[in-house]
Amino acid sequence: MAKFIERVFSGVQPTGNLHLGNYLGAIVKFVELQSTHDCLYCVVDLHAITVPQKPEELRANIREVTAAYVAAGIDPKQHIVFNQSQVAEHAELAWVFNCVARVGWLSRMTQFKEKAGKDKENASVGLYAYPCLMAADILLYRATHVPVGEDQKQHLELARDIAQKFNLDFAESIAAHGHGDAFFPSPEPLIQGPATRVMSLRDGSKKMSKSDPSDYSRINLSDDADTIAQKIRKAKTDPEALPSEPAGLAHRPEADNLVGIYAALNGETKPEVLRAFGGGNFSAFKSALVDLSVAKLGPIGAEMKRLKDDVSYIDAVLADGAYRAKTIARENMAAVKDILGFVR
Ligand code: AQP
């Protein structure tokens, strides 16, 4: 089997309201992986326009996600931080993958069904083809590891299917061009920890999401200490005390969610949190969660606000990252063109 250099790729959409789910499900892992891997962290702005966006807000959101990356501890000098639209090869490889993936595969994607809702006929073609672009984002760099939240698991499986089908369909050409038995790796999802799916603070059956109309459903990374405290105090719970064992969280989605958030923010497991708080009531637990959340998120939010306003710094980070990403992208895309039989 072909050997691939370990490389991490992941992204966040600049669609506003970066929240605790994005932070715990993705950004925290991005930061951790920096010490063991070469990483590319992308602001996936091409994905953002699969649903309507206002140009000025999109521009501000691209800078805000970049600021969040840096504020959370991603080092843009050591690793590559960039926005997708500055590297045209993402769209180029996505087209190739549109021709590799099957309509049936895309039709099974639950995120499309959720986002398109009842009015599928009116959804953009881009929203439908989104997983092919996501596969291209990852495979353009022949990335081997992808830290994501639980909601992206199905898209990652599709990226693996696309990589395998490309490798099979073009096996002879891949070998003839000196790439052995596979050009693309099968990227591994990294979905671990107690908060891979952070739920809404208002409804434990719904994912915490940027587009939820209720701001009380999520903690935004830009929220100040008072707002964080208010949102946690108002978070939905149930009348029972906290259990001492994780089994006692079954069928209590709101309690489970808050315990998971506490565990993830404090670098603990749920059983450890329950050992400390089990048997107690929610108000004491919520007070501890407020203190922890403010201590962990407050400095990131403040730094994010400061950096976001330093437009020339943020734009320089993105330009430098795009230049370095393009160096890898150009080489891999040229190899793909040779494999496919294009003349260049
Ligand atoms: N609630 C969540 N819990 C854990 N991880 C999450 N992620 C998103 N929501 C949660 C992870 O954050 C990364 C970036 O997500 P994204 O911005 O690319 O897209 P998304 O999943 O569509 O985010 P939202 O907030 O849910 O936006 P809307 O409201 O537009 O649907 C990904 O790794 C994702 O798994």
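Analyst: A cavity here is a set of points, on a 1 Å grid over the protein atoms alone, where a 1.4 Å probe fits but cannot get out, and its lining residues have an atom within 4 Å of a point. Grid points are joined across faces, edges and corners, and a volume is the space filled by probe spheres set on the points. The model is predicted, with totals for linings using all residues, whereas local features need pLDDT of at least 70 and side-chain atom pairs count only at pLDDT 80 or more. Residues are numbered from 1 along each chain as its sequence is written, and side-chain values use heavy atoms, with hydrogens and water left out.

Searching the whole structure gives 2 cavities of 30 Å³ or more. The largest cavity, with a volume of about 40 Å³, is lined by Q111, F112, K115, L127, Y130, P131 and H155. At least two residues of this lining come from each of α6 (110–116) and α7 (125–139), helices being DSSP runs of H or I with at least four residues, numbered from the N terminus. By class, the lining of the largest cavity holds 4 nonpolar, 2 polar and 1 charged residues, where Ala, Val, Leu, Ile, Met, Phe, Trp, Tyr, Cys and Pro count as nonpolar, Asp, Glu, Lys and Arg as charged, and the others, Gly among them, as polar.

The second largest cavity has a volume of about 30 Å³, and its lining is formed by Q13, P14, T15, G16, L18, N61, E64, V65 and K210. That lining divides into 3 nonpolar, 4 polar and 2 charged residues.

Key:
1 Å grid on protein atoms, 1.4 Å probe; cavity = no way out; pocket = protein on both sides within 12 Å on 5 of 7 lines; lining within 4 Å.
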